[in-house]
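Subject: Structure for your files

Hello,

Here is the structure I said I would pass on. Notes on its salt bridges follow below it.

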Amino acid sequence: MDKLVIHGGHKLQGTLRVSASKNAALPLMAAAILPRGVTFIDQIPHLRDIVTFSHVLRITGASVNRQRQGLEIDATRVVFPEAPYELVKKMRASFYMLGALLGRCGKAKVSLPGGCAWGPRPVNLHIEGLKALGADIDLEQGYVVARVPRGGLSGGSYRFEPSSVGATVNLLLAACLGRGGSRIENAAIEPDVIVFCDMLTAMGAKLDGIGTRTIEVEGVDQLHPIKFSNCPDRIELGTFMIAAAIAGIPGDPVLITNAQPDHLGQEFLDAFQRTGCFYKIDKDTITITPPDVLKPISITTAIYPGFPTDLQAQWTILLSCANGTASVTDQVYGDRFNHIPELYRMGLRAEVNGNTVTVHGGHHLTGAQVMSTDLRASVSLVMAGVVADGTTHVGRIYHLDRGYEQLESKFSQCGINIHREQYNEFENPPQG
Ligand code: UD1
């Protein structure tokens, strides 16, 4: 197993480049099996989740080949409409195969994802929504078994409550090749969903209302394969902005390139500015200039354009470096605080109450052996190690490898003392 070892206290200087988006890449890959033929998606990050989802696609009969920065997906033959438990349990987004296989094959057998590291994450909206559009769905031995009536999905109308990224993607995947019209209300408007809708449209899908809360779909007989380019990763951008704020030299700008700051939503940008950090956007570059002292700014997560839940763990580290007390409330996932007990081991002063963590900043963190529990929690531990006194060992880094491309080399090129080591957790437990 791998761990990251960080000798804290070094300043972050220079330029960080944001990689292509993971969360946008996954629905684009699912969409690639809708048309017969070869689709090329440029700008796909080299990440564990992409490798896992490539396996999920291959099981259906499609072939997936990496070509430099992109993926070539040949969906000429899609003959086995299943997504097995072994892969879906590794990555919940494999559940996109439900909509994709219904669209392409008219039937699907996809494992239910089960729990996740931060509590229950239901898929009721995916299932109820697909039923409302005309799919027959049964649950059999942990699998969702679905089929569309003869002639294709009849279409219908469904309102999400709450709005869901994954369920919006699944319904669109199924509805594009239906025979009727469909209407999705309270649809997700995250940038990842808009990029996905743009790809469907380029393939010949008829969608109306992209980027609004109501999307109407008119089913078409077939879609055609295309070349398409993915967008930069907004969560990696937010992570780098926070890293620059806490580890940069006050008054000395850090550059972040391949950035698309409008994808972060105004709430994040406003909260970031209120900490006293100055940012300037010039085309696809954002320059961050940290202040002498960070102000403690409380945030509450919400669906887009609210403050992203995927950035709340990193914000907790920012608050630990700020001068005073402030809180992080997660309204999207009320139990997403697995990183807090690990951070206590580094001296974090904070209390968790329900879905809120109150952080008392201004006290130095100290290096310790800590353990990753999920993707965003693990990057928060790395960031804590960057600002801590002494050495931090972040174990079970495979969580981080799911969603951050070459993080340690990007950070070390900017002056952070960080490297990867292999370890045997059984002989030398990272928790001490
Ligand atoms: C996506 C992101 C994830 C991010 C999350 C919220 C991907 C691969 N993952 O996950 O990184 O943290 O958005 O921004 O893009 N809900 C239900 N029933 C459902 C589905 C969702 O109640 O059937 C609820 C969830 O519990 C949550 C809210 O809806 O409170 C939003 O979740 P959703 O947008 O579906 O998240 P994901 O698509 O799973």
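Salt bridges

Lys22 and Asp49 are joined by a salt bridge between their side chains, at 3.3 Å from N to O (a salt bridge is a side-chain nitrogen of Lys or Arg within 4 Å of a carboxyl oxygen of Asp or Glu). This pair links distant parts of the chain, 27 residues apart: Lys22 sits in helix H1 (residues 22-31) and Asp49 in helix H2 (residues 48-59). Helices (H or I, at least four residues) and strands (E, at least two) are DSSP runs, numbered from the N terminus. Lys22 is buried at 6% relative accessible area, and Asp49 is buried at 1%; buried means under 20%, exposed over 50%, and partly exposed in between (1.4 Å probe, protein chains only).

The model is predicted: local features need pLDDT of at least 70, side-chain atom pairs count only at pLDDT 80 or more, and totals for chains, interfaces and linings use all residues. Residues are numbered from 1 along each chain as its sequence is written, and side-chain values use heavy atoms, with hydrogens and water left out.

A second salt bridge to look at is Arg183 with Glu216, whose closest N and O atoms are 2.5 Å apart. Arg183 is in strand E11 (residues 181-185) and Glu216 in strand E13 (residues 214-218), so the bridge ties together parts 33 residues apart in sequence. Arg183 is partly exposed at 32%, as is Glu216 at 34%.

Arg336 and Asp310 also form a salt bridge (2.8 Å, N to O), and both residues are buried. Salt bridges with shared partners join Arg159, Glu161, Arg183, Glu185 and Glu216 into one network. The whole structure has 13 salt bridges.

Regards
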